[in-house]
Amino acid sequence: MKALVLNALHQGLDFQEMPAPHAGKSEGLVRLRAAALNHRDLFITQGLYAGIKFPTILGSDGAGEYRGKAVVIDPSLDWGGDPRAQGRGFRVLGLPDDGTFAEQIAIPRSNIHPKPGHLSWEQAAALPLAGVTAWRVVFTRCQIKAGERVLITGIGGGVALMALQLAAAAGAEVFVTSGSDEKLQKAVALGAKGGVNYRNADWDKTLKKEAGGFDVIIDSAAGNGFALLPALCQPGGRIGVYGGTLGKIDGLSMQPVFWKQISILGSTMGTRLDFKKMLAFVAKYEIVPVVDSVFPLSEGSAALQKMDQGEQFGKIVLSI
Ligand SMILES: NC(=O)c1ccc[n+]([C@@H]2O[C@H](COP(=O)([O-])OP(=O)(O)OC[C@H]3O[C@@H](n4cnc5c(N)ncnc54)[C@H](OP(=O)(O)O)[C@@H]3O)[C@@H](O)[C@H]2O)c1
């Protein structure tokens with residue numbers, strides 16, 4: 001079969017022939033129709049991930065056919081028995097296990113779920129990892145409710161956009177930040193109440209004036225911008241964190257955190273129950289993941305370059 005393979009760092013992925021997988025006892029063989037990129041795939045090609053090995057077929061997100069039915073793949077492998085946190089055997093599909101950037105994949109049958117009927121192959125492939133990560137941080141961890149005021153930072157990202165769609169469907173009032181005014185406008189068209197550009201000076205003060213304080217803030221950027229977030233919270237606020245794209249945080253003061261009784265809640269991927277609840281919610285509200293662009297599988301390296309430039313709004317998808 002054809003696949004996109006990581007053979008070395010800093011040189012993209014090779015589109016090449018690989019042995020077709022065989023399904024083990026508890027596995028199903030899925031004929032993939034579409035896959036989607038996550039920032040994780042880019043970090044891996046740049047060597048910014050633990051446990052990198054060659055060759056590996058990358059890719060955590062996939063939709064395809066299994067026994068004549070349309071399915072999506074849950075990318076969380078071996079979560080373990082504690083719903084509060086994943087166990088030591090937990091893995092994200094697509095390193096170390098071969099992933100979805102291929103014509104076929106052998107995957108535990110418990111990770112195969114029916115595709116929501118209102119989604120195309122490309123839209124369905126854009127859903128799993130961003131959907132389950134957003135579900136867990138928005139509902140399981142931050143317990144966002146109707147009427148709450150929510151800030152989602154860096155709205156151009158796949159998870160951030162899904163978090164906007166989920167929180168807005170649940171009746172929250174969502175504000176956003178982005179490094180691009182065009183992305184802010186697109187987010188408003190998707191249901192955000194408003195937003196500010198984090199490249200502008202004093203963006204936090206502008207946002208506070210525009211929106212007031214937030215019950216919940218969802219962030220994956222970290223870096224120095226994070227230090228401004230506690231001051232934007234209402235007393236009793238929650239900050240959900242699922243990423244650290246910009247690295248360590250300088251200048252974070254603990255005073256607003258303890259004085260305002262703020263909770264900082266880490267979140268990663270999700271349990272099988274999180275995944276199933278996310279699929280049911282997406283089907284009920286007919287939520288459609290935002291697809292930025294679609295590349296053929298053979299052009300996976302160009303798709304990764306597009307992600308590296310950070311110009312995307314939503315998911316970059318590979319058609320197979
Ligand atoms: N823990 C987990 O389970 C999990 C799951 C998925 C992703 N992640 C992590 O979450 C992060 C985002 O992943 P993704 O796949 O959604 O990324 P992506 O689609 O590549 O998006 C990159 C994001 O970075 C944002 N950004 C860049 N500079 C920023 C700044 N100064 N302030 C705020 N936001 C900034 C961008 O916002 P604009 O384009 O709007 O400026 C955009 O949202 C990555 O670090 C990834 O590893 C973690």
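## The loop with D202

D202 sits in the loop between β13 (194-197) and α6 (203-211). Strands here are DSSP E runs of at least two residues, helices are H or I runs of at least four, and both are numbered from the N terminus. D202 is not a glycine, but its phi is positive, near 60 degrees. Its relative accessibility is 46%, so D202 counts as partly exposed. Buried means under 20% relative accessible area, exposed over 50%, and partly exposed in between, with a 1.4 Å probe and protein chains only.

This is a predicted model, in which local features need pLDDT of at least 70, side-chain atom pairs count only at pLDDT 80 or more, and totals for chains, interfaces and linings use all residues. Residues are numbered from 1 along each chain as its sequence is written, and side-chain values use heavy atoms, without hydrogens or water.

## Other backbone features

E286 also has a positive phi, near 50 degrees. E286 lies in the loop between α9 (272-284) and β17 (291-296). At 54% relative accessibility, E286 counts as exposed. Most residues other than glycine have a negative phi, and most peptide bonds are trans.

Two cis peptide bonds can be named. One runs from F54 to P55, with omega near -10 degrees. P55 is in the loop between α1 and β4 (56-57). Another runs from L95 to P96, with omega near 5 degrees. P96 belongs to the loop between β8 (91-92) and β9 (104-108).

## Helix α3

Helix α3 covers residues 128-141, 14 residues in total. From first C-alpha to last it reaches 18 Å, close to the expected 20 Å. That expected span is 1.5 Å times one less than the number of residues. Twelve of the 14 residues of α3 are buried, so the helix is largely enclosed by the rest of the structure. Among them are W135, R136 and F139. Just after α3, Q143 takes a positive phi of about 50 degrees.

## Around the ligand

The shell around the ligand holds 26 residues, each with a heavy atom within 4 Å of it. H39, G154, S178, Y198 and M269 come nearest. Domain 1 (2-130 + 269-319) and domain 2 (143-266) each give at least three residues to the shell; the bounds come from an automatic or database domain assignment.

Taken alone, the ligand exposes 930 Å², and the protein buries 84% of that. These areas come from the Shrake-Rupley method with a 1.4 Å probe.
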